[in-house]
Amino acid sequence: MIMDIWVRSQHGSILTKVDGIYIQERGMNGSYMFDLIGIQRGGSTIRLGKYQYKSNAYNALKEFENWVINTNNIFLDRMSSSERTIINNYSIFQIPEDKNV
């Protein structure tokens with residue numbers, strides 16, 4: 001059984017499954033923004049959040065990483081349990097806001 005990873009965008013307007021997330025740097029009028037980009041099944045991409053500072057984008061990515069590890073461990077524990085329970089194979093991660101944007 002595969003655990004689906006659902007993500008809600010920073011401003012709540014997008015809810016999608018992703019296979020991964022990466023940081024993309026983009027320049028605008030001499031300054032830079034850092035986007036969190038979700039990779040969807042089939043390889044298409046979607047912007048899920050934006051950050052003014054690279055460190056904030058990395059912190060959001062680290063938060064997502066920790067969430068995936070924790071959620072996956074809970075999922076695996078339930079899969080290996082001898083108790084017969086219904087297992088939801090999904091959970092939703094909310095992309096954190098950037099207070100600087």
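The model is predicted. Its open sheet has the strand order β3-β4-β5, with antiparallel pairing. The structure holds four salt bridges. Arg26, Asp35 and Arg47 are linked in a network of such bridges. Gln10 is buried and is found in the loop between β1 (4–8) and β2 (15–17).

**The sheet**

- Three strands make up the open sheet, in the order β3-β4-β5.
- β3 (20–28) and β5 (45–51) are the edge strands, and each pairs on one side only.
- On average, neighbouring strands of this sheet are turned by 35 degrees against each other, direction ignored.
- β3 and β4 (residues 31–39) run antiparallel and are joined by nine bridges.
- Ile21 stands opposite Gly38 in β4.

**The salt-bridge network**

- Asp35 takes part in a salt bridge with Arg26, at 2.5 Å from N to O.
- Asp35 also forms a salt bridge with Arg47, where the closest N and O atoms are 3.8 Å apart.
- This second pair links distant parts of the chain: Asp35 lies in strand β4 and Arg47 in strand β5, twelve residues apart.
- Asp35 has a relative accessible area of 3%, so it counts as buried.
- Arg26 counts as partly exposed, at 22% relative accessibility; the cut-off for buried is under 20%.
- Arg47 is also partly exposed, with 41% relative accessibility.

- The side chains of Glu65 and Lys62 meet in a salt bridge, 3.7 Å from N to O.
- Glu65 and Lys62 are separated by about one helical turn, because they are three residues apart in helix α1 (residues 54–80).
- Glu65 is partly exposed at 38% relative accessibility.
- Lys62 is partly exposed at 41%.

**Gln10 and its surroundings**

- Residues up to four places away in sequence aside, Gln10 touches Leu48, Gly49, Lys50, Tyr51, Gln94, Ile95, Pro96, Glu97 and Asp98.

Definitions and conventions: Residues are numbered from 1 along each chain as its sequence is written. This is a predicted model: local features need pLDDT of at least 70, side-chain atom pairs count only at pLDDT 80 or more; totals for chains, interfaces and linings use all residues. Side-chain values use heavy atoms; hydrogens and water are left out. Helices (H or I, at least four residues) and strands (E, at least two) are DSSP runs, numbered from the N terminus. Buried means under 20% relative accessible area, exposed over 50%, partly exposed in between (1.4 Å probe, protein chains only). Contact means heavy atoms within 4.5 Å. Two strands pair if DSSP finds at least two bridges between them. Axes are lines fitted to C-alpha atoms, for helices over the stretch in contact, and angles run from 0 to 180 degrees between N-to-C directions.
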